[in-house]
Amino acid sequence: MRKYGIHLLVLFGGLSLVNAQPNAPEIAPLYAALADGPPGFPVIEPRVPLSTNDNTVSPLVDLQVYAPPVVPAGESKCTVELLKYEFGEGSYGVPAIVPYDPPSHAGCGEPGGWAAITLNLTVYSNGTQYDRLSSLYLSHVEIWRHSGAEPTKSGTIWSVKDVTHYSALFSAPGELLMDFSNIISADLGLDGVFHVTLTGTFYPPTRRFPKPAISDLILPVTNLSPNQTNLFAISDDSGGTANVTVPRNAQQAVLEIYASGNSAEEFWYLNTPDEFLPYFPESAGLIGKGPFREVQALVDGRLAGVAWPHAVIYTGGITPTNWRPLTAYGAYDQPTYFVDVTPFLPLLADGAEHAITLRVLGQGQSPSINSNWYVSGSLHLWLGTSNVSGTITKYEVSSDPFTKTTGSASEGNFTVKTSVVAKRSLLIESVIHGDKGRQTVRFEQHLDYSNDQKYAGAGLVQWGKQLTGGSTTSSYGGRQVLKDAFSFPLSVFSNYSLYDMQFGAYGSAVNQTYSRVLSSPVLAHGTHTTLSIQQAQGTVGMDDAPGLRHAINGTGATSQQFAFTTDSGESYFRRIAAKNDAWVRDEVWGTLRDAEPPVPREQIFPGGGPGFRRSLARGRRGE
């Protein structure tokens, strides 16, 4: 990947699309439902298109397609405002911090006894601004990570997140900290302020919808700063470490992990293997240390499990016009990953402090990654009546995964090809004595990875194709407790060959799939099966301002098919598309349709908009 982003698309030919199907048989009905489509969906008539320069009455809605939370239907609930703040001038590195108290309003239910909790985030911004990464913490535990939109003249982001599994935190007083570091600068032409409102909705339990069997205690695996963002910013191989004290009566322990690349690691999946960097001129701006990344969790220095992450593309990522108003999956609610550390309870649950370390392994040398990765974790504990004892009986874990890098170059380096493959299997097993007597606890992972890249035009034209897949499972006494079967195909074509012209341009084509069958004791409401299939392509033209250049025109088209089901029979299906800052179509069906309905019909313009554009003052630079 390049130091300054991804560049001009002069042709889309030759893009190798990723169409790999997930291995999990549970995903097949979701493909079938999307192919069948919604029952009796009405035809929408054409309307006058929106554009960035329109003086719209209602703001352009920016959204990430997501599965609405499963909550009690038609029952009592209460909604309270948790935070209201403007992230503008002076907000960079200065989070909003407000006290939190469990709601006491009528209809809220008893603290800690809720059937469900959801958060609603509304962000309004107008003007010019980069995408900004935000993270939200309660009592030093990260509970939401998301990107901001690159705003239009008027635009709104909103998203709803199920935070039921953090009930142990919401049941006690604490502090809510939100970092949304923003820069306002007339010199840089950045004037977009983020106006944020965060509300929480609490649902009391009912006979049909009782309190789920989620964790009793949650310990932060963060830097614990009282006035700064709490995540670890990792730029070396040491990672970030938090000390935790696990009660002796903990019967189960699962680590939840947030992880995302930033800066030179934002596009880690397109980074070039170091062995092939000498094939390109420095002016190509390629970044090294290879495309493979492994997020590792260690207990007292011993590897306990790993996460091979989904490539989250932010709203300004690769080509910004690709993602407005429809974002890439995960941009407004990044997925998390789970490592069952219950096999380590014979060591952890002794009442003493222990070190939990999160680090990221790449393919470079000293360090293996560039700067930087943002990681954090939370240790979810289920408590019982008896103290836990036991022994780790199997520890079949290698310190590093198997990786292999190959490649070739044509005469004169006209084309260069690289290929990276990786594999990882691990097994940790313990015999534990606790509330359920003697039982064998088993945690295992089987992961596969491949990444193929092709370069032309002295590195300014790049094709990348990546497939990450595998399974993570744990069982207690032969009963499966955790299942995470996933497939994350990704393909990207980019072209920067006109970037350095006076009025330069760049663009890309992206295909990405997120396919995951997840059943985790941390999460409420059973097994979730999610399938997201997206295609996007766009171009951006730039001004010739000295220093920071700005986008002045561009096009973008994005389509997405989304399917979500639960083992309790809930479902949500959506087929949606946007083009040139306007919604083209939106079809929604399933049992959860009313919780997140389609975009309002008056905002649908089947022909799309005219594309992003901004008028230039007469005269050229230096005239």
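In this predicted model, Lys-289 is buried, with a relative accessible area of 15%. The residue sits in the loop between strand 13 (250–261) and strand 14. Although Lys-289 is not a glycine, its phi is positive, at about 75°. A second residue with this kind of backbone angle is Ala-458, which is not a glycine either and has a positive phi of about 60°. Ala-458 belongs to the loop between strand 22 (437–456) and strand 23 (461–476), and its relative accessibility of 39% makes it partly exposed. Most residues other than glycine have a negative phi, and most peptide bonds are trans.

Arg-324 and Pro-325 are joined by a cis peptide bond with an omega of about 10°, and Pro-325 is found in the loop between strand 15 and strand 16 (337–340). Another cis bond runs from Ser-371 to Asn-372, where omega is near 5°. Here the loop is the one between strand 17 and strand 18 (373–383), which holds Asn-372.

The protein chain contains three helices and 30 strands. Of its 623 residues, 60% are buried. The chain exposes about 24,000 Å², of which carbon and sulfur atoms supply 51%. When contacts between residues at least 6 apart in sequence are considered, 76% of them join residues at least 24 apart.

Val-295, for instance, has Val-360 in strand 17 as its bridge partner.

Turning to the interior, nonpolar side chains tend to be buried together in soluble globular proteins. The largest nonpolar core in this model has 90 residues, and those with the most contacts inside it are Val-246, Leu-255, Tyr-269, Val-341, Leu-345, Leu-379 and Trp-583. Beyond its neighbours up to four places away in sequence, Leu-255 touches Val-221, Ala-297, Tyr-337, Phe-338, Val-339, Ile-356, Leu-358, Ser-378 and Leu-379.

Thr-199 lies in strand 9 (residues 194–203) and counts as buried because its relative accessible area is 18%, under the 20% limit. Apart from residues up to four places away in sequence, Thr-199 touches Thr-79, Val-80, Glu-81, Leu-82, Thr-118, Leu-119 and Asn-120. Ser-134, in turn, is part of strand 5 (residues 133–138) and is buried, with a relative accessibility of 1%. Its contacts, leaving aside neighbours within four places in sequence, are Trp-144, Arg-145, His-146, Met-178, Asp-179 and Phe-180. With Asp-179 there is also a polar contact: the side chain of Ser-134 reaches the backbone oxygen of Asp-179 at 2.9 Å.

Key:
Residues are numbered from 1 along each chain as its sequence is written. This is a predicted model: local features need pLDDT of at least 70, side-chain atom pairs count only at pLDDT 80 or more; totals for chains, interfaces and linings use all residues. Side-chain values use heavy atoms; hydrogens and water are left out. Two strands pair if DSSP finds at least two bridges between them. Helices (H or I, at least four residues) and strands (E, at least two) are DSSP runs, numbered from the N terminus. Buried means under 20% relative accessible area, exposed over 50%, partly exposed in between (1.4 Å probe, protein chains only). Contact means heavy atoms within 4.5 Å. Accessible areas come from the Shrake-Rupley method with a 1.4 Å probe; for residues, only the protein chains shown count as cover. A polar contact is a pair of N or O atoms within 3.5 Å; within protein, one must be able to donate a hydrogen and the other to accept it, and residues adjacent in sequence count only if both atoms are side-chain atoms. A nonpolar core is a set of buried Ala, Val, Leu, Ile, Met, Phe, Trp, Tyr and Cys residues joined through side-chain atoms within 4.5 Å.
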